[in-house]
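I opened the model today to look up a few things.

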Amino acid sequence: MIRTLMLALSVCVVSAAAFAYSGTEQEQNACRRDVVRHCRSVSSESEFVILACLQANRPKLTVACRTVLQNHGQ
C-alpha cells in the first residue's frame, strides 16, 4: 500500500489523471501539496525517494499528510 501511495504521490506532480489506479483519493489529496511544496526536486524519482523526502520534512508537513504516513507505518 505504501508503494502504491508513494507512486501516486510521485505522479501527482505530473498528472492528476494517473491517480485513478493507486491510493485513495483522500490519501493522495492529503499529501499532494506537501510533495509539491517540499519534495518537488525529487518528484520524478522513485516512491522511496519521495517517501524519504516526506519523512525528512515531517515537521513541515500538513497534519493530514503526517496522518497518512502514520497510518501506513511511516
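**Entry 1: helix α4.** I began with the exposed side of α4, where I found Val63, Gln70 and Asn71. Exposed means over 50% relative accessible area, buried under 20%, and partly exposed in between, with a 1.4 Å probe and protein chains only. I then listed the buried residues of α4 (residues 63-71), which are Cys65, Val68 and Leu69. Looking down the axis, I see these buried residues within an arc of 95°, so they line one face of the helix. The arc is taken over directions from the helix axis to the C-beta atoms. After α4 comes Gly73, with a positive phi near 70°.

**Entry 2: ground rules.** I note that this is a predicted model, in which local features need pLDDT of at least 70 and side-chain atom pairs count only at pLDDT 80 or more, while totals for chains, interfaces and linings use all residues. Residues are numbered from 1 along each chain as its sequence is written, and side-chain values use heavy atoms, with hydrogens and water left out.

**Entry 3: confidence.** I checked pLDDT, the predictor's confidence in each residue, from 0 to 100. The protein averages 77, and 69% of the residues score at least 70. A contact means heavy atoms within 4.5 Å.

**Entry 4: overall layout.** I count four helices and zero strands. Along the sequence the pattern reads α-α-α-α. Helices are DSSP runs of H or I with at least four residues, strands are E runs of at least two, and numbering starts from the N terminus. Of the 74 residues, 39% are buried. Taking contacts between residues at least 6 apart in sequence, 43% join residues at least 24 apart. The protein exposes about 4,300 Å², with 53% of it supplied by carbon and sulfur atoms. That area comes from the Shrake-Rupley method with a 1.4 Å probe.

**Entry 5: Glu27.** I looked up Glu27 in helix α2 (residues 25-38). Is Glu27 buried or exposed? It counts as buried because its relative accessibility is 14%. Its side chain makes a polar contact of 2.7 Å with that of His72. A polar contact is a pair of N or O atoms within 3.5 Å; within protein, one must be able to donate a hydrogen and the other to accept it, and residues adjacent in sequence count only if both atoms are side-chain atoms. I also took the C-alpha distance from Glu27 to Ala64, which is 8.4 Å across 37 residues of sequence.

Entry 6: In α3 I found Glu47, Ile50, Leu51, Cys53 and Leu54 buried. They cover an arc of only 160° around the axis, so they sit on the same side of α3. Asn57 lies in the loop between α3 (47-56) and α4. At 12% relative accessibility, Asn57 is buried. Leaving out residues up to four places away in sequence, Asn57 touches His38 and Cys39. In the loop between α2 and α3 I located Arg40, which counts as exposed at 53% relative accessibility. Arg40 and Cys53 are 13 residues apart along the chain, and their C-alpha atoms are separated by 9.5 Å.
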